[in-house]
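Here is a short tour of a protein model, meant to be read with the viewer open. Please keep the sequence at hand as you go.

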Amino acid sequence: MSELKRAEGKWILAFLGPYAVVFTIFIIVPIIMAVLLSFTNFNTIQFPDFVGLKNYISLFTYDDVFMQYVLPNTIKFALIVGPLGYALSFFLAWMLAQIPRVPRTILALIIYSPSMTVGVAMQVIWLTIFSGDKSGYLNSFLMNLGLINQPVQWLQSPQYLMITMIIVTLWSSMGVGFLAMLAGVLNTDPELYEAGYVDGISKRWQEIFYITVPLMKPQMLFGAVMSVVSTFQAGYIGVLLSGSNPTPQYAGQLIVNHIEDYGFLRYEMGYAASISVMLLLMIWISSKFVWSIFGERE
Amino acid sequence: MAFQGTKINPQRFHRSQIKFYAILIPLALFMSLPIIFIFMNAFKPPNELFAFPPRIFVRNPTWDNFKSLFNTLTQSGIPVSRYLFNSLLISLLTVIATILVGTAAGYVLSKKQFRLKKLLFEINTLALMFVPIAVMIPRYIIIARAGLVDNFLVHILPNLAMPVGLFLVKQFIDQIPDSLIEAAKLDGANDWFIYGKIILPLTKPAIATIAILSFQTAWSSVEASNFYINQESLKNFAYYMSTLTSSTSAVAGQGVAAAAGLIMFLPSLVIFIFTQSKVMNTMAHSGIK
């Protein structure tokens, strides 16, 4: 018997091993290292020396850029893009589920396709659309309509950079989570709707909140987790659009850019690691939150 | 109030659906605008690119932008086709390796009984939230220590562990009845056989899904080329693309950049069109319970 077990163990190890190894090296170890490094002073040349909580204290007391721009920007960006993108994915998925298959597939493809154009590929197109002179597409369009008289510096003026970033990110946020929710709506059991109507549901919104959403909770949670991740992952967009790190007057500076600024431009790795830990904490807290809404209660 | 039917996944058109079309079609048009732009700009001759007022649609389409994209040598003297070749190779290897690594792990986590199984899957589910960009510094240190700087493998290895991929595959394999595997075992099949002849063929939709997700990551990633590779001839096309756009103020650059952008975008689109029904099939099992 034990020999059989040992043979089974070997198979498990052989199949699981490769994934476990890359997972550990490129996901687990970096997270642990980020936490450890955040308590040190490390300039990449000398061995890191332990400085306790100094990095965190500087982050919250000395780093004006972080407290005045990066943190508020990140919170604002995440609070707008996350929930809005998520709500939009759900309602688009829900509407798509109400139309026949062929038009649904075509429309879903169009709506999903922007999420395939991550970062670099679309930079070129956003730069031409939002170009700051009067021959930029958006400027020219708005001036034709008479809505603006002067071309607007969409990407370079601190006033507009954030809103441009939000629009661009929302545009590309109908990704895997959106597809999961579409599949979720499509797979809800039709008999339950019938039962619901027999039990006195009479309005569409009641149908959504009492039948559709509870039935597809697992997909809702998956979609929510995906949207938290893609929101924080999108942090790079400000630099891509404005073409500089730091962004003009820090208007589009998000926490991800701050990490790169300290890590790869100033080589203060310990300090950068403490910012990374803050980012991981923010993601973790957001995910806890969505889990508490959509997770199965045991 | 009589019951009117659910209208979820209807078979045919009905008047009551008009309101959905009225919202969905304009929205889809709006969302496809930038993609139409990239198509149009890639085929515009210079005088149309800089026409004032700007026009969306191309009048005299030309291949010139693509020609100059491939004919010009880059500043470092590396032909553009080299970057493209690197990207194709990286993407192909990443997709194959991710599928093998992910399905093997998914099989074990779904069908085998062992002590840590539940914990490991929970760790992976937690890792769905993982944002690689947050740990770019430790990752850099690990890669430097492992001597992987300027090694071609650095494009591939960090992307192999894809928590979303494993998650979807495992959920999908859960649907395969245990009795099928038991029967094969009674016939004397070992795990290799079960994995290769039963699990892989039955998991095709989930495999297609990991394939497209890992392709998108590999194809568009600039992380490795930016941070871990100094040797120009080992960098990928997405990286070359990013050098183009950072200097698009140069007049002629815009059309070329759009042509490059189209090359970045098209493969993902084509793959998705061919796999979309499989992807949707996988997504039906994507819920986190």
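## A threonine inside a helix

B:T94 sits in helix α4 of chain B, which covers residues 80-111. Helices here are DSSP runs of H or I with at least four residues, strands are runs of E with at least two, and both are numbered from the N terminus. With a relative accessible area of 1%, B:T94 is buried. Buried stands for under 20% relative accessible area, exposed for over 50%, and partly exposed for what falls in between, using a 1.4 Å probe and protein chains only.

Which residues does B:T94 touch, leaving aside those up to four places away in sequence? They are B:H155, B:I156, B:N159, B:L160 and B:A218, where contact is taken as heavy atoms within 4.5 Å.

## How the model is read

This is a predicted model, in which local features need pLDDT of at least 70 and side-chain atom pairs count only at pLDDT 80 or more, while totals for chains, interfaces and linings use all residues. Residues are numbered from 1 along each chain as its sequence is written, chains are lettered from A and ligands numbered from 1 in the order in which they are written, and side-chain values use heavy atoms, with hydrogens and water left out.

## Chain B as a whole

Chain B has 14 helices and 0 strands. Its C-alpha trace spans about 70 × 70 × 35 Å along the principal axes. Of the 289 residues in chain B, 56% are buried. Taking the contacts in chain B between residues at least 6 apart in sequence, 71% link residues at least 24 apart.

The accessible surface of chain B is about 13400 Å², and carbon and sulfur atoms account for 64% of that; such areas come from the Shrake-Rupley method with a 1.4 Å probe, and for residues only the protein chains shown count as cover.

## The nonpolar core

The largest nonpolar core holds 200 residues, and B:L69 and B:F237 touch the most other members. Helix α14 of chain B (residues 253-283) gives the most to this core, with 14 residues. A nonpolar core is a set of buried Ala, Val, Leu, Ile, Met, Phe, Trp, Tyr and Cys residues joined through side-chain atoms within 4.5 Å.

Not counting residues up to four places away in sequence, B:L69 touches B:V80, B:F237, B:Y240, B:L244, B:V256, B:A259, B:A260 and B:I263.

## Where the chains meet

In the interface, 98 residues of chain A contact 105 residues of chain B. The two chains bury about 9000 Å² between them, with 80% coming from carbon and sulfur atoms. A:F15, A:Y19 and A:F26 supply 9% of the area that chain A buries against chain B, more than any other three residues. Buried area is the accessible area (1.4 Å probe) that two parts lose on being put together, summed over both.

Helix α8 of chain A (residues 176-186) has 10 of its 11 residues buried, so it is largely enclosed by the rest of the structure. Its cover includes α3, α4, α10 and α11 of chain A, together with α11 and α14 of chain B.

## Two positive phi angles

A:Y250 is not a glycine, yet it has a positive phi of about 60 degrees. A:Y250 lies in the loop between α12 and α13 of chain A, and at 22% relative accessibility it counts as partly exposed.

B:D150 has a positive phi too, near 65 degrees. The loop between α6 and α7 of chain B holds B:D150, which is partly exposed at 27% relative accessibility.
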